[in-house]
Amino acid sequence: MAERRRKITTKRRRTSLVMATWDVRSLVEDSGDARICRRGPICSETNVDRKADFLVTEIQKFGVDVVGLQETKWFGNDVWPLADGFTLLHSGRPLPRDGEPARRNEGVGILLNAAMSYSWQRGGSQWKAISSRIVTARLLIGAKGDKLPGGGKRLADFFLSVVSVYAPTSKAPPNVKCHFFDNLQAVIDSTDSRDALCILGDFNARVGSSGCDVAGRAGDDGPVWGRTLGQYGLGVCNQSGEVFCAAIVLISCL
């Protein structure tokens, strides 16, 4: 009987993955590579330093594995190796040609620590720069045959698809908003159904808490997504929030 009780109460060990999103507002440097700096020609070899190094240091303090970045305001679609084995997958506006105005805006990225960089490379280094507002990556978290924490071996590959987004503000033209959400929906639809999907980003939306009672249930005159939002929203849902809730079938974690 004692042996049976031990088997029942024994807890299986689990591994955790810490993910976050950060609107950095800008990672543009003063001089150096034209893709990431205000002044200077493109160098043959460029070390991404200062702001990017600070970014890595801050992420390490909190022990985060995967970070979605928004508003880097860098140009180009590139893979940037950073300090301590970190990798930044970046999607931005095209680098302007000579004589063209350098209008820096948007820019999104997925920052991977050393372990997740290995998972990304192990899974075939799969990533897509959809636009300056959307970037995706596919990580092999566990391969078939890998040992499981509780014993035994994994029977199939397990992938994690990560999407980092930066949505247009409420003042953006309607066609720009529609284009963004159409692209995001296409990304969701094209994701392998066997993958775990995580969308990180700044949707520039306020979903609010109106229409929900104290128990988190949708009110009679509230929105149909009231049960999803619960009671933890802030303020009143704005137009961008309505588009976010109505156009994309997501769970909003507030």
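A contact is counted here wherever heavy atoms lie within 4.5 Å. Among contacts in the protein between residues at least 6 apart in sequence, 62% join residues at least 24 apart. The model is a predicted one, in which local features need a pLDDT of at least 70 and side-chain atom pairs a pLDDT of 80 or more, while totals for chains, interfaces and linings draw on all residues. Residues are numbered from 1 along each chain as its sequence is written, and side-chain values use heavy atoms, with hydrogens and water left out.

The pLDDT, the predictor's confidence in each residue from 0 to 100, averages 82 over the protein, and 77% of the residues score at least 70. Over residues 1–13 the pLDDT is below 50, and this stretch has four contacts beyond near neighbours in sequence. Residues 249–254 also have a pLDDT below 50, with 13 such contacts. A friendly caution applies here: where pLDDT is low, the predicted coordinates should not be read in detail.

Six helices and eleven strands make up the secondary structure, taken as DSSP runs (H or I, at least four residues, for helices; E, at least two, for strands) and numbered from the N terminus. Of the 254 residues, 39% count as buried, meaning under 20% relative accessible area with a 1.4 Å probe and protein chains only.

At the N-terminal end, Asn113 caps helix 3, with a side-chain oxygen 3.3 Å from the backbone nitrogen of Ala115. After helix 3 comes Gly124, whose phi is positive, near 100°.

Strand 9 also holds Thr136, which is buried with a relative accessible area of 12%. Leaving aside neighbours within four places in sequence, the contacts of Thr136 include Ile110, Trp127, Val162 and Val187.

The largest cavity is lined by residues including Ala167, Lys177, Phe181, Phe203 and Ser240. Helix 4 (174–190) and helix 6 (239–247) each supply at least two residues of this lining.

Note on methods
A polar contact is a pair of N or O atoms within 3.5 Å; within protein, one must be able to donate a hydrogen and the other to accept it, and residues adjacent in sequence count only if both atoms are side-chain atoms. On a 1 Å grid over the protein atoms alone, a cavity is a set of points where a 1.4 Å probe fits but cannot get out, and a pocket is an open set with protein on both sides within 12 Å along at least five of seven lines; lining residues have an atom within 4 Å of a point. Buried means under 20% relative accessible area, exposed over 50%, partly exposed in between (1.4 Å probe, protein chains only).
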